[in-house]
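Dear colleague,

Please read the notes with the structure open beside them.

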Amino acid sequence: MTVTFVVNGTPRQTDMAPETPLLWVLRDDFGLTGTKFGCGIAACGACTVHIDGEAVRACQIPVGDVWGDVTTIEGMAQDDTLAPLQEAWVRHQVAQCGFCQSGQIMQAADLLSENPDPTDEDIDAAMGGNLCRCGTYSAIRAAIHDAARVLNGGRAG
């Protein structure tokens, strides 16, 4: 059975079994390796992608159940321009080992789409399900505040 859906604005189809986790279709069938496998039980957030703009754990979504357009970290930048959140990540040198960062950015993008001016408490609550073994949480928080300023018409900083 062929499953068809849109990934990063492009219609895609897979012949993988409908019960195959979306994560493996993205990585193994479509070659979008920015989405990482972490725990496999939706506890770490490394596999976070968006479906219709909502942050979800790709390791827990059977590809046959995908209900809308999928956006991965590869779909965040437009042409050769990084998204404001990605630019803030670079400015604040958030990534250390980098393994969890695509999931962190996707979760942060979901937060900023719902709350354009989050407090530290809002950020901690929204990002609590995304784990970073390197402990970059303060840099993540700073980058989210910075991206929020830019998205609200302010200057990066």
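In this predicted model, N130 counts as buried because its relative accessibility is 1%, which falls under the 20% cut-off. N130 belongs to the loop that runs between α4 (120-127) and α5 (137-151), and its side chain reaches the backbone oxygen of G45 at 3.2 Å. Leaving aside residues up to four places away in sequence, N130 touches C44, G45, T48, R57, G103, Q104, Q107 and Y137.

The other findings concern aromatic rings, of which a search of the whole structure finds two pairs. In one, F5 and F30 have ring centres 5.9 Å apart and planes at 50°, so this pair is tilted. F5 lies in strand β1 (residues 3-7) and F30 in the loop between α1 (22-29) and β3 (48-51), so that the pair links distant parts of the chain, 25 residues apart. Both residues are buried, F5 at 8% relative accessibility and F30 with a relative accessible area of 10%.

W24 and F37 also form a tilted pair, with 5.3 Å from centre to centre and 35° between the planes. Because W24 lies in helix α1 and F37 in the loop between α1 and β3, this pair ties together parts that are 13 residues apart in sequence. Here W24 counts as partly exposed at 28% relative accessibility, and F37 likewise counts as partly exposed, at 37%.

Finally, to return to F30, the charged end of R12 sits over the ring of F30, 4.2 Å from the centre of that ring.

Notes:
Residues numbered from 1 in each chain as written. Predicted model: local features only at pLDDT ≥ 70, side-chain atom pairs only at ≥ 80, totals over all residues. Heavy atoms only, no water. Helix = DSSP H or I, 4+ residues; strand = E, 2+ residues; numbered from the N terminus. Buried < 20%, exposed > 50% of the residue type's maximum accessible area, 1.4 Å probe, protein only. Polar contact = N/O pair within 3.5 Å; in protein donor to acceptor, adjacent residues only side chain to side chain. Contact = heavy atoms within 4.5 Å. Phe/Tyr/Trp six-rings, centres within 6.5 Å; stacked < 30°, edge-to-face > 60°. Lys NZ or Arg CZ within 6 Å of the ring centre and 35° of its normal.
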